Amino acid sequence: MSERRVYADGGYAGELVTKIAVLCDWFLDIVKRSHKAGGSQVIRKRWIAERTFSWLDKCRRHSRDYERLHETSESWVRIAMINLMLHRLAPEGE
């Protein structure tokens, strides 16, 4: 089985890294910003997450947390991403 890697912000460093490794057998990779960088700087792994959240925010259902169960919320995220992929495969007007 291939190694599963999860990227997280520096705020998640600490015990969570060990817990994720033990409980899920995943590697939690903490992506930190360089102290030398002034102002805003694009960090590749963070940009991937921010871009994905931006795509999800286009779905009105994700503007608020309407769901009682996290499984339901996860399902709506999957539906939103499937919708995004379908529109990229077959754009309207073609």
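Start with Arg-51, which is partly exposed, with a relative accessible area of 33%. The model is predicted, so treat every value here as computed from that prediction. Arg-51 sits in helix α2.

Arg-44, Lys-45, Arg-51, Lys-58 and Arg-88 gather on the surface in a patch of positive charge. Where does the largest share of the positive patch come from? Helix α2, residues 44-57, supplies that share, with three residues. Why can Arg-51 count toward a patch at all? A patch takes residues with over 30% relative accessible area and no salt bridge, and Arg-51 has 33%.

Now turn to charges that pair. Side chains of opposite charge can pair when their charged atoms come close. How many salt bridges does a search of the whole structure find? The search finds three.

Take the pair of Arg-5 and Asp-29. Their side chains meet in a salt bridge, at 3.5 Å from N to O. Arg-5 lies in strand β1, residues 4-9, and Asp-29 lies in strand β2, residues 26-31. The two are 24 residues apart in sequence, so the pair ties together separate parts of the chain. Are these residues buried or exposed? Arg-5 has a relative accessibility of 37%, so it counts as partly exposed. Asp-29, at 22%, also counts as partly exposed. The cut-off for buried is under 20%.

Next come Glu-15 and Lys-19. Their side chains meet in a salt bridge at 4.0 Å, N to O. Both residues lie in helix α1, residues 15-24. They are four residues apart, which is about one turn of the helix. Glu-15 is exposed, with a relative accessible area of 61%. Lys-19 is partly exposed, at 46%.

Finally, look at helix α3, which covers residues 70-89. Here the side chains of Glu-74 and Arg-78 meet in a salt bridge, at 3.1 Å from N to O. Glu-74 and Arg-78 are four residues apart in helix α3, so about one helical turn separates them. Glu-74 counts as partly exposed, at 40% relative accessibility. Arg-78 has a relative accessible area of 53%, so it is exposed. The cut-off for exposed is over 50%.

To look back, trace the two themes on the model. One is the patch of positive charge on the surface, with Arg-51 among its residues. The other is the set of three salt bridges, including the pair that links strand β1 and strand β2.

How values were computed: Residues are numbered from 1 along each chain as its sequence is written. This is a predicted model: local features need pLDDT of at least 70, side-chain atom pairs count only at pLDDT 80 or more; totals for chains, interfaces and linings use all residues. Side-chain values use heavy atoms; hydrogens and water are left out. Patches are made of residues with over 30% relative accessible area and no salt bridge: like charges are joined within 9 Å, nonpolar side chains (Val, Leu, Ile, Met, Phe, Trp, Tyr) within 5 Å. Accessible areas come from the Shrake-Rupley method with a 1.4 Å probe; for residues, only the protein chains shown count as cover. Lys and Arg count as positive and Asp and Glu as negative; His and the chain ends are not counted. The place of a charge is taken as NZ of Lys, CZ of Arg, CG of Asp or CD of Glu. Buried means under 20% relative accessible area, exposed over 50%, partly exposed in between (1.4 Å probe, protein chains only).
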